[in-house]
Every structure is written in C-alpha cells, then in structure tokens.
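Welcome to this short briefing. Please take a look at the sequence and the fold below, and then we can walk through a few residues together.

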Amino acid sequence: MLAWASAQIHCQFHASENRVALPPSDGSKHDVQAENETVFVPNRGERGQCILSTPPKILFCDLRLDPGESKSYSYCETLPIDGPPSFRGQSVKYVYKLTIGCQRVNSPIKLLRVPFRVLVLHGLKDYQFPQDEAVAPSNPFLEEEEGLKKDSRLADLATELLMVATSRRSLHLYNISNTRGKVGTFCIFKTMYKIGEDVIGTFNFSEGDIPCLQFSVSLQTEESIQEEFQRRRGQPVSFSTHARHQEACLHTAQSSFSLPIPLSSTPGFTTNIVSLKWRLHFEFVTSGESSGTCLVWGSQSEAVTWTGVEQMEVDTFSWDLPIKVLPTNPILASYVSQFSSTNSITI
C-alpha cells in the first residue's frame, strides 16, 4: 500500500566559498521542513541553494499493488525559459535533477534523483508564432495536438536559428606581429560555432619578417564571477582548456589547426552571478635573430652539411581571439552518453 508519489524538477546551485560571496539564502522555511520526513522536499540533504523548481505533480495516491502487480505512470513538465544551463565550473555549478518522492503507509519518504542536462538558447523568449498556421512548418502526415505542435515548432525554430547563426561564413584576417615586426597572418572563416563543431584556422608565415619557431592554439573557456559577488576584489578569472594544438613551424610557409568543441561542454552564457565565454588562446615563439642564423654551414673535407644552432635568442608573446559557442541539437548532445539508464528506489 503506497500513500502517494510526486515528481518535481529543481536546479541546484553550488558555489565555491573561496571565490564566490553569496547573499544569505531566504530558504529558512524549507530547511525547517526538510527535517520532517513526511514533507516532500526534493532538495532535502543536498548542498547549495535551490534557485529554480517546478510545481510538484502528484503521480498517484492510495495505490495498492498485489504481489507481482505493476503499474506505470508518465510525467511531463516544461522548464522555465529563464533558467540557467547545466554547468560544472571551477567556481559555480548549476545541476538539474528530477526528483521522485514516494511514501509507503507509516514509513518515511523515499527520494529518487535523476540528473539531466539542460541547454539554453537565447533569443526564443520573445518569439511570436505566426497566426497563419499554413506558414508554420508542419508534417502533413502526422496529426498532432495543439500543444505538441507548438513544442515541435519551437524545437524546429531553435534548430533553424542555430543553423542560420553558425553557417554564416566570412573571411577574417588578422596580422600577427610583435615589437620587432610582422610574423605572419591568421585566417578564420567564422567566429560562431555549435558545440560538437571543429574550430579550423590557417596560418601564413611566408609574408612574415620575423621567423616563427613554434606556435600553439588552445580552445579555452573563461569563467568570471560578477564583481558584486567576488570574494576578493579583482580576483583572477578561471580558465579551462578543452583542446590544444602545438606545432614547430620554422621554415614553414603555411600551417593549419582543427580543434573540436566537446559535446560535453557548456555553451557561453551569462547569469547574475557568473559569465562563461569562449576564446582561442595563441602562443608564439619567434626568433630573436635573423632567419639566416637559424642554420650553420660547416665543411668536413669534401662534405658540406647544414646543422641547427645549439642556442638562439627567442621572443614569446600571446594573443586571445574571442569566439561564440552556441548549443546544438539535444539529440546530438546526448551522444556523449549513449547508454540507457534505469534508476530505482526501494520503498
């Protein structure tokens, strides 16, 4: 005999005490209720603050099951459109969970938490659907309810906006130079990507005056805390490297790189507490001497050899190029965990 079962979605916010200074939480009432085992509190016993929650929905009441008998229930919920995306950073974390609570008669509540991932695409909040249904894309072979039709149209619209935003290509040329002169040029065809895409760029060192010995390109995220929530004024920004390419390029006229954006990464976003941005971080090692001194001519009786110098003066400098990373189709993002999972609780 089961008294009831309810389901609710909530987003739990975690912050590093060493980096983030949060205002005091106003959820004291929930903390008192959490001590009572007969009250359904989805985030009971969890660390951090619950910043978002959906209304609880009752799955059933007074359910009696005979030995070997089973019943199934479906649950559907719409997430608030202004919520943050799922994110696990160095300073903060946003974790979404579906919590199912069930209570047996004269027994404490049992909770089952199922974590899931949320991707947020900005720009859909203020979109107005056209009044003419014929204009909207639809499948004539399927009969859909009005609510399902709107949801499918919203998903199609989001996919279309992503395709349009990330398919625009235009040549971006940048001159690479230091205090001594020009090193080369860098070319990239777009600066807006979806997670799962490859960031591709090319170098041209043939027109440079300063020989480039080595370069490295890192795909990084920049996690910064808003000024009013910083633990210390002017505290440094946290960087995370997701992909890196390094190459020795002395006497190389042209070179290129390809850095994949992991499907498990989080697109750029901004909340009132944290901001996440993407960038390409370049590091160059150039010769402090003329190109002719990079090789040494030597003769042995009748043979002539060219050998590299043992020591040479070098200069190093770095450069950052901001890029934008947007979410992708949730079906593609789910490929990082291609396995079905079953969660269970014992009542």
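Which residues does Phe 257 touch, not counting residues up to four places away in sequence? Keep in mind as you look that this is a predicted model. Phe 257 touches Phe 186, Val 199, Ile 200, Gly 201, Phe 203, Val 217, His 245, Leu 280 and Phe 282.

- You will find Phe 257 in strand 13, which covers residues 254-260.
- With a relative accessibility of 3%, Phe 257 counts as buried, because the cut-off for that class is under 20%.
- One of the residues that Phe 257 touches is Gly 201; the two are 56 residues apart in sequence, yet their C-alpha atoms are 5.7 Å apart in space.

**Thr 286, a buried polar residue**

- Strand 15, made of residues 274-287, holds Thr 286.
- Thr 286 has a relative accessible area of 0% and is buried.
- Its side chain makes a polar contact with the side chain of Asn 178, at 3.5 Å.
- Leaving aside neighbours within four places in sequence, Thr 286 is in contact with Asn 178, Val 183, Ile 210, Pro 211, Cys 212, Leu 213, Glu 313, Val 314, Asp 315 and Phe 317.

**Lys 97, a buried lysine**

- Lys 97 belongs to strand 5, residues 92-104.
- Is this lysine buried or exposed? Lys 97 has a relative accessible area of 18%, so it falls under the 20% cut-off and is buried.
- Not counting residues up to four places away in sequence, Lys 97 touches Gln 8, Ile 9, His 10, Glu 46, Arg 113, Val 114, Pro 115 and Phe 116.

**A nonpolar patch on the surface**

- Leu 171, Leu 173 and Phe 189 form a nonpolar patch on the surface.
- Together, these three residues have about 320 Å² of accessible area.
- Leu 173 lies in strand 7, residues 172-178, and counts as exposed at 58% relative accessibility, because exposed means over 50%.

**Cysteines**

- How many disulfides does the structure hold? The count is zero.
- For context, a disulfide is a covalent bond between the sulfur atoms of two cysteines.
- Cys 61 counts as partly exposed, with 46% relative accessibility.
- Cys 187 is buried, with a relative accessible area of 12%.
- Cys 212 is among the residues in contact with Thr 286.

Conventions: Residues numbered from 1 in each chain as written. Predicted model: local features only at pLDDT ≥ 70, side-chain atom pairs only at ≥ 80, totals over all residues. Heavy atoms only, no water. Patch = residues over 30% accessible without salt bridge, like charges linked within 9 Å, V, L, I, M, F, W, Y side chains within 5 Å. Areas by Shrake-Rupley, 256 points an atom, 1.4 Å probe, with all protein chains shown as cover. Salt bridge = Lys/Arg side-chain N within 4 Å of Asp/Glu carboxyl O. Helix = DSSP H or I, 4+ residues; strand = E, 2+ residues; numbered from the N terminus. Buried < 20%, exposed > 50% of the residue type's maximum accessible area, 1.4 Å probe, protein only. Contact = heavy atoms within 4.5 Å. Polar contact = N/O pair within 3.5 Å; in protein donor to acceptor, adjacent residues only side chain to side chain. Disulfide = S-S within 2.5 Å.
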